[in-house]
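Please look over the sequence and the model shown here before reading on. The paragraphs that follow lead from one element to the next.

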Amino acid sequence: MTPSTLVDTVIPLAVLLLTLRYVVACAWFPFKPHKRCGGTGGYRGMGGIRLCRGCNGTGRVLRLGRRIHNAFTRVRHDIRTDRRRELGR
Ligand SMILES: [Zn+2]
C-alpha cells in the first residue's frame with residue numbers, strides 16, 4: 001500500500017463511515033447526556049439541589065446533528081404549508 005492509496009481511499013472511507021455512524025446515532029438516539037450536569041438534571045447550589053438550566057432538569061440535550069435535521073424539517077414544512085396556502089387548499 002503506497003501512501004497515495006491511503007490518502008485516496010482509506011481516509012475518505014473512514015470519514016464516510018464515521019459520518020454514517022453519527023447519522024445513525026442522531027436517528028436512533030437523538031438525545032445525549034447534558035455535559036454541565038452530567039446527565040443528572042440538577043446540581044447542588046445555594047439552598048439545596050437546583051434544576052439545571054441548560055437542560056431544564058431533564059439531564060438530556062439534543063445532539064447537534066439532530067438539531068440541524070429538525071431545523072431543515074421545520075423549513076421544509078413551512079415551505080409546503082406556504083405553497084398549499086398559495087394554491088388555496
Ligand atoms: Zn443539565
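This is a predicted model: local features need pLDDT of at least 70, side-chain atom pairs count only at pLDDT 80 or more; totals for chains, interfaces and linings use all residues.

Residues are numbered from 1 along each chain as its sequence is written. Helices (H or I, at least four residues) and strands (E, at least two) are DSSP runs, numbered from the N terminus.

Helix 2 itself has 24 residues and reaches 35 Å from its first C-alpha to its last, which is close to the 34 Å expected at 1.5 Å a residue, where the expected span is 1.5 Å times one less than the number of residues. Of these 24 residues the number buried is zero, so helix 2 lies largely in the open; here a residue is buried if 20 or more other C-beta atoms lie within 10 Å of its own, exposed if 12 or fewer, and partly exposed in between, with C-beta atoms placed from the backbone. Leucine 87, which lies in helix 2, is exposed, with 7 other C-beta atoms within 10 Å.

The axes of helix 1 (residues 3–28) and helix 2 (residues 64–87) come within 9 Å and cross at roughly 70 degrees, the axes being lines fitted to C-alpha atoms, for helices over the stretch in contact, and the angles running from 0 to 180 degrees between N-to-C directions. Helix 1 and helix 2 are therefore roughly perpendicular to each other, a term for angles of 65 to 115 degrees. The contact is made by Tyr22, Val23 and Cys26 of helix 1 together with Gly65, Arg66 and His69 of helix 2, two residues being in contact if their C-beta atoms, placed from the backbone, lie within 7 Å. Alanine 25, also a residue of helix 1, is partly exposed, with 14 other C-beta atoms within 10 Å, and its C-alpha atom is separated by 11 Å from that of leucine 64, 39 residues apart along the chain.

Turning to the strands, strand 2 (residues 42–45) and strand 3 (residues 48–51) run antiparallel and are joined by four bridges, where two strands pair if DSSP finds at least two bridges between them. Arginine 44 has isoleucine 49 of strand 3 as its bridge partner, and glycine 42 has leucine 51 of strand 3. Two residues lie between the strands of this hairpin, in which glycine 47 takes a positive phi near 85 degrees. Glycine 48, found in strand 3, counts as exposed, with 7 C-beta neighbours inside 10 Å.

The loop between strand 3 and strand 4 (60–62) holds asparagine 56. Most residues other than glycine have a negative phi. Asparagine 56, however, has a positive phi of about 55 degrees although it is not a glycine, and asparagine 56 is exposed, with 12 other C-beta atoms within 10 Å.

Methods:
Angles under 35 degrees count as roughly parallel, over 145 as roughly antiparallel, 65 to 115 as roughly perpendicular and the rest as oblique.
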